[in-house]
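Q: I am new to reading protein models. Can you walk me through one, feature by feature?

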Amino acid sequence: MATIKQVAQEAGVSKSTVSRYVSQNGYVSAEAAIKIKQAIDKLHYSPNILAQSLKTKKNQLVGLLLPDISNPFFPRLARGAEVFLKEKDYRVMLGNIASSESLEEEYINVLLQNNAAGIITTHDFTKKFPNLPIPVVVVDRIEQDTTYGVYSDNKYGGWLAAKTVAEAGANHVLLIRGPLDYAENINERFESSLAYLQQTSAKVTIYDSQSFEFESIQAEAQVILTKEQAIDSIIAPSDIHAIAYIHELHALGKKIPEEVQVMGYDDIMMSQFTYPSLSTIHQSSYSMGKYAAELIYKIANQIPVEDKRIKLPVHYVERETIRRKFEKNKS
């Protein structure tokens, strides 16, 4: 039977690091955790505490690592994953990691120690940890080389947002680009909207947002709307952005949508309760979570996966912040 010393030598770490990993007591980096897990599997090392963990927890735990659970988009995503996994007798560990790499590594380490069935995340960290022994499914913010992912048709969504705004009578559009440090597919919305608007007679003014947090967006909106008083339309990269701009437009005494129309993106629950209610592009975060959970379940149970990257449809939800055609014709 292999010893803890042999595991440490195989993994290239100290015995104390292996001990912390096995006992789940103390910090172990995600990189070290991967090496230790592989060494344990190779050497068939199974002290009582680890054997008990493997027996009781294997394939029953899925990690859900989200950037900001206070963002209304993500609770629905979590709910979609949780409902599916609960039906399969799995449990979910939710990690609210913000943009902290160290916190992300801590959660990865805990999930590895608990022999989790997989991880659902918005950040594709598989390039940083290419030897992870459990599957990772990326939701929403995928990259070109992401192996397993669930995302919305952002290219069509951006095109549809611009088309709807233009057809409602846009002369000067404020087009807001989402934070550039997010995945490239998110900014497909912006690129697609811009491409459409450039084919129209509308003037386009572009501003970059630095955040998806309401308070930061509100501060951005105050500066931009004070400077760009000639705009008559806004295309936002998210409903949170759109709601912040609606708030500031009210503060400036602007009539919505008569003077300025606003297009959101996401269709979070609160978008229907704004005044006026927010017109937006709907993408189902619930479905993202559900399909991601299904992918994890299939991979963990060696069920064939036909589509590793699942693209979900989007559609326009007409409410009150976009001028209707008959209103445009009156003006």
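A: Start with pairing: two strands pair if DSSP finds at least two bridges between them. Helices (H or I, at least four residues) and strands (E, at least two) are DSSP runs, numbered from the N terminus. Here, strand S4 (residues 136-139) and S5 pair in the parallel sense over two bridges. In S5, Val-150 is the bridge partner of Val-139.

Q: What kind of model is this, and how are residues numbered?
A: This is a predicted model: local features need pLDDT of at least 70, side-chain atom pairs count only at pLDDT 80 or more, and totals for chains, interfaces and linings use all residues. Residues are numbered from 1 along each chain as its sequence is written, and side-chain values use heavy atoms, with hydrogens and water left out.

Q: How many helices and strands does the protein chain have?
A: The protein chain has 12 helices and 12 strands. Its C-alpha atoms fill a box of roughly 85 × 35 × 30 Å, taken along the principal axes.

Q: What share of the residues is buried?
A: Buried means under 20% relative accessible area, exposed over 50%, partly exposed in between (1.4 Å probe, protein chains only). Of the 331 residues in the protein chain, 52% are buried.

Q: Which way do the residues of strand S5 point?
A: In a regular strand the side chains alternate between the two faces of the sheet. In S5 (residues 149-152), Gly-149 and Tyr-151 point one way. Val-150 and Ser-152 point the other way. All of these are buried.

Q: Which sheet does S5 belong to, and in what order do the strands come?
A: Strands of a sheet pair through backbone hydrogen bonds, either parallel or antiparallel. Here six strands form an open sheet in the order S2-S1-S3-S4-S5-S11, and the pairing is parallel. Strand S2 (91-96) and S11 are the edge strands, each pairing on one side only. S5 and strand S11 (residues 309-312) pair over four bridges. Ser-152 has Leu-312 as its bridge partner in S11.

Q: Which helices lie across this sheet, and at what angle?
A: Axes are lines fitted to C-alpha atoms, for helices over the stretch in contact, and angles run from 0 to 180 degrees between N-to-C directions. Helix H5 (residues 73-87) lies across strand S1 (61-66), S2, strand S3 (118-121) and S4. H5 runs at about 175° to S1. Helix H6 (residues 101-113) lies across S1, S2 and S3, at about 165° to S2.

Q: How do I read the meeting of helix H3 with H6?
A: Look at the axes. Those of helix H3 (residues 30-43) and H6 come within 8 Å and cross at roughly 15°. Next, find the contact, meaning heavy atoms within 4.5 Å. H3 brings Ala-30, Ala-33, Ile-34 and Lys-37, while H6 brings Glu-105, Ile-108, Asn-109 and Leu-112.

Q: Which classes of residue make that contact?
A: Ala, Val, Leu, Ile, Met, Phe, Trp, Tyr, Cys and Pro count as nonpolar, Asp, Glu, Lys and Arg as charged, and the others, Gly among them, as polar. The contact of H3 with H6 has five nonpolar, one polar and two charged residues.

Q: Where are the edges of the sheet with mixed pairing?
A: That open sheet of six strands has the order S7-S6-S8-S9-S10-S12. Strand S7 (203-208) and strand S12 (315-317) stand at the edges, each with a single partner strand, so one side of each has no neighbour in the sheet. Neighbouring strands of this sheet are turned by 20° against each other on average, direction ignored. Strand S10 (residues 279-282) and S12 pair in the antiparallel sense over three bridges. Thr-280 has Val-317 as its bridge partner in S12.

Q: Why is S6 described as largely enclosed?
A: Six of the six residues of S6 are buried, so S6 is largely enclosed by the rest of the structure. On one side are His-172, Leu-174 and Ile-176; on the other are Val-173, Leu-175 and Arg-177.

Q: How many bridges join S6 to S7, and how many to S8?
A: Six bridges join S6 to S7, which run parallel. Val-173 has Val-204 as its bridge partner in S7. Three bridges join S6 to S8, also parallel. There, Leu-174 stands opposite Ile-234 in S8.
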